[in-house]
Amino acid sequence: MELKKAFIKKGIGGGLEEVIHELLPKHTGYVEVQHDVAGQEHPSHTHPTDEILHIIKGSIYFTVEGETTQCEAGDRIYLPKHTKHASKADVNGCTYVISILKF
């Protein structure tokens, strides 16, 4: 599935193991689990691959194309390659799974 537009699906849910198996690419790619401490920021940047992020614990303020959304446990973020985005973890930090899709 090649992503065409960035979007966020709220309330998908799922535990760590379930989400990893769900997001593990069917072809070429990988998943990683990342934890951002409270207030950690990732300045605006892009990636050369499509990515899907699934929030496991905590929350994060995620900015895509100038619009900021607070994403919480169970929310999923879909980012096509070369989409400019930034994030900042909330006061309790944030743990999430990132699926990197290589075509």
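The following conversation walks through a predicted model of a protein.

User: To start, how many helices and strands does the protein have?

Analyst: The model, which is predicted, has one helix and seven strands. Along the sequence they follow the pattern β-α-β-β-β-β-β-β.

User: And how compact is the protein for its length?

Analyst: Its radius of gyration is 13 Å, close to the 13 Å that the globule rule gives for 103 residues, so the protein is as compact as a globular protein of that length. Taken along the principal axes, the C-alpha atoms fill a box of roughly 35 × 30 × 20 Å.

User: What share of the residues is buried?

Analyst: Buried residues account for 39% of the 103 residues. The accessible surface comes to about 5900 Å², and carbon and sulfur atoms hold 53% of that surface.

User: What about contacts between residues at least 24 apart in sequence?

Analyst: Among contacts between residues at least 6 apart in sequence, 78% join residues at least 24 apart.

User: Let us go inside. Which residues of the largest nonpolar core touch the most other members?

Analyst: That core has 14 residues, and L53, I55, F62, I77, L79 and Y96 touch the most other members. Strands β4 (50–64), β6 (76–79) and β7 (85–102) each supply at least two residues of this core. Apart from it lies another core, of seven residues, including L23, I52, Y78 and V97.

User: Take I55, then. What is I55 in contact with, beyond its neighbours in sequence?

Analyst: Leaving aside neighbours within four places in sequence, I55 is in contact with I60, C71, E72, A73, G74, D75, I77, C94, T95 and Y96.

User: What about I56: where is it found, and what does it touch?

Analyst: I56 is found in strand β4. Not counting residues up to four places away in sequence, I56 touches G14, G15, L16, V19, A73, T95, Y96 and V97.

User: Changing topic, which residues does UniProt list for the cupin domain?

Analyst: An unreviewed UniProt entry lists residues 38–89 for "domain: Cupin type-2". In the model, that stretch is 0% helix and 67% strand, and its end C-alpha atoms are 5 Å apart.

User: Now the loops. Where does T49 lie, and is T49 buried or exposed?

Analyst: T49 lies in the loop between β3 (41–45) and β4. At 16% relative accessibility, T49 counts as buried. Aside from neighbours within four places in sequence, T49 is in contact with L79, P80, K81, I100, L101 and K102.

User: Which phi value does E65 have, and where is E65 found?

Analyst: Phi of E65 is near 50 degrees, a positive value in a residue other than glycine. E65 is found in the loop between β4 and β5 (67–72), and at 65% relative accessibility it counts as exposed.

User: What about phi of H82?

Analyst: H82 has a positive phi of about 65 degrees although it is not a glycine. H82 sits in the loop between β6 and β7 and is exposed, with a relative accessible area of 55%.

User: Last one: where is K5 found, and what does K5 touch?

Analyst: K5 is found in the segment before β1 (7–9) and is exposed, with a relative accessible area of 60%. Not counting residues up to four places away in sequence, K5 touches Y78 and P80. K5 and K81 are 76 residues apart in sequence, and their C-alpha atoms are 9.4 Å apart in space.

Terms used. Residues are numbered from 1 along each chain as its sequence is written. This is a predicted model: local features need pLDDT of at least 70, side-chain atom pairs count only at pLDDT 80 or more; totals for chains, interfaces and linings use all residues. Side-chain values use heavy atoms; hydrogens and water are left out. A nonpolar core is a set of buried Ala, Val, Leu, Ile, Met, Phe, Trp, Tyr and Cys residues joined through side-chain atoms within 4.5 Å. Buried means under 20% relative accessible area, exposed over 50%, partly exposed in between (1.4 Å probe, protein chains only). Helices (H or I, at least four residues) and strands (E, at least two) are DSSP runs, numbered from the N terminus. Contact means heavy atoms within 4.5 Å. UniProt positions are given in the numbering used here, feature names are shortened, and annotations may be inferred rather than shown by experiment. The radius of gyration is taken over C-alpha atoms; the globule rule is 2.2 Å times the number of residues to the power 0.38. Accessible areas come from the Shrake-Rupley method with a 1.4 Å probe; for residues, only the protein chains shown count as cover.
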